[in-house]
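Please look over the sequence and the structure shown here before reading on.

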Amino acid sequence: MANKTSKIQTIYDFCKKMFSLTTIPPPPSSHVVQKLSSLLDSVTPADVGLKEENVDDDRGYGLSLLNPFNRAPRWAQPITYLDIHESDTFTMCIFSFPTSAVIPLHDHPGMTVFSKLLYGSLHVKAYDWVEPPQVVQSNGSEYSQVRLAKLVIDKVLTAPCETRVLYPKSGGNLHCFTAVTPCAVLDILTPPYLEDAGRKCTYYHDYPYSSFPTKEAIGDGKEEEYAWLAEIEAPNVQMRPGIYAGPSLLE
Ligand SMILES: [Fe+2]
């Protein structure tokens, strides 16, 4: 029988060819985004060695008890992190969530991220910074300042659904994931996080727009579309490494 190239190998080969290693890599072109998104759209759990978990698993707390602003996230079971590939130009990995597990609001500075929900339901809330930056200094001890961000998406995605792409300045570069049922996300990050290159992951709390009155008018009835984000210390997200059981990649 002829050796058929696995989907994940095709995706890997494409990323390796397209993503460049420069100090500040430009976001991928729209052609590359389109092609990679459509490759990812067709990936099933079986293609990456995953079995769909029992979606009736209700060991967690469910979404209904979550504060709409993520001040009191509930970490239920740990999230499993499966490393598929890591290089200077891109990272491919899978996050496997039990019900109610949360990856709190965080950013992807200068990065483009493709996220394909493989199975289950995931609540995604994402923001982009308002430009030019609107900052309010705070006298509180909790944080020194808050910055205005615009809501891009706040909804539950259920697989099968299209690959979501976030860019350095659009598409919801700051996001928070909450598992509504057991679910798994295949992520491709380009370039990967690298603190020395200014690509550090920072975590945030979001506060309703009404928390910090400003003179800037955002338009009546639009308050819901904005939030103030305050930088916080990296929360202790329970994450454990797992073993990727999909097809091995040929370099
Ligand atoms: Fe992320």
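Strand β4, residues 112-119, pairs with β10 in the antiparallel sense over seven bridges. Strands here are DSSP runs of E with at least two residues, helices are runs of H or I with at least four, and both are numbered from the N terminus; two strands pair if DSSP finds at least two bridges between them. Within this pair, Tyr119 stands opposite Ala184 of β10. This is a predicted model, in which local features need pLDDT of at least 70 and side-chain atom pairs count only at pLDDT 80 or more, while totals for chains, interfaces and linings use all residues. Residues are numbered from 1 along each chain as its sequence is written.

Both strands belong to an open sheet of six strands with mixed pairing, in the order β8-β4-β10-β2-β1-β13. Its edge strands are β8 and β13 (239-241), each of which pairs on one side only. From one strand to the next the twist averages 25 degrees. Helix α2, residues 30-41, packs on the sheet and touches β4, β8 and β10; its direction makes about 20 degrees with that of β4. Such angles run from 0 to 180 degrees between N-to-C directions, with axes fitted as lines to C-alpha atoms, for helices over the stretch in contact.

The largest nonpolar core has 57 residues, and Val185 is among those with the most contacts inside it. A nonpolar core is a set of buried Ala, Val, Leu, Ile, Met, Phe, Trp, Tyr and Cys residues joined through C-beta atoms within 7 Å. Strand β10 (residues 183-190) gives the largest share of this core, six residues. Beyond its neighbours within four places in sequence, Val185 is in contact with residues including Ile94, Leu118 and Leu122; contact means C-beta atoms, placed from the backbone, within 7 Å.

Val165 counts as buried because it has 21 C-beta neighbours inside 10 Å. The cut-offs are 20 or more other C-beta atoms within 10 Å for buried, 12 or fewer for exposed, and partly exposed in between, with C-beta atoms placed from the backbone. Leaving aside neighbours within four places in sequence, Val165 contacts Val33, Ser37, Thr112, Phe114 and Gly171.

Most residues other than glycine have a negative phi, and most peptide bonds are trans. Ser100 has a positive phi of about 80 degrees. The bond from Glu131 to Pro132 is cis, with omega near -10 degrees.

How values were computed:
Two residues are in contact if their C-beta atoms, placed from the backbone, lie within 7 Å.
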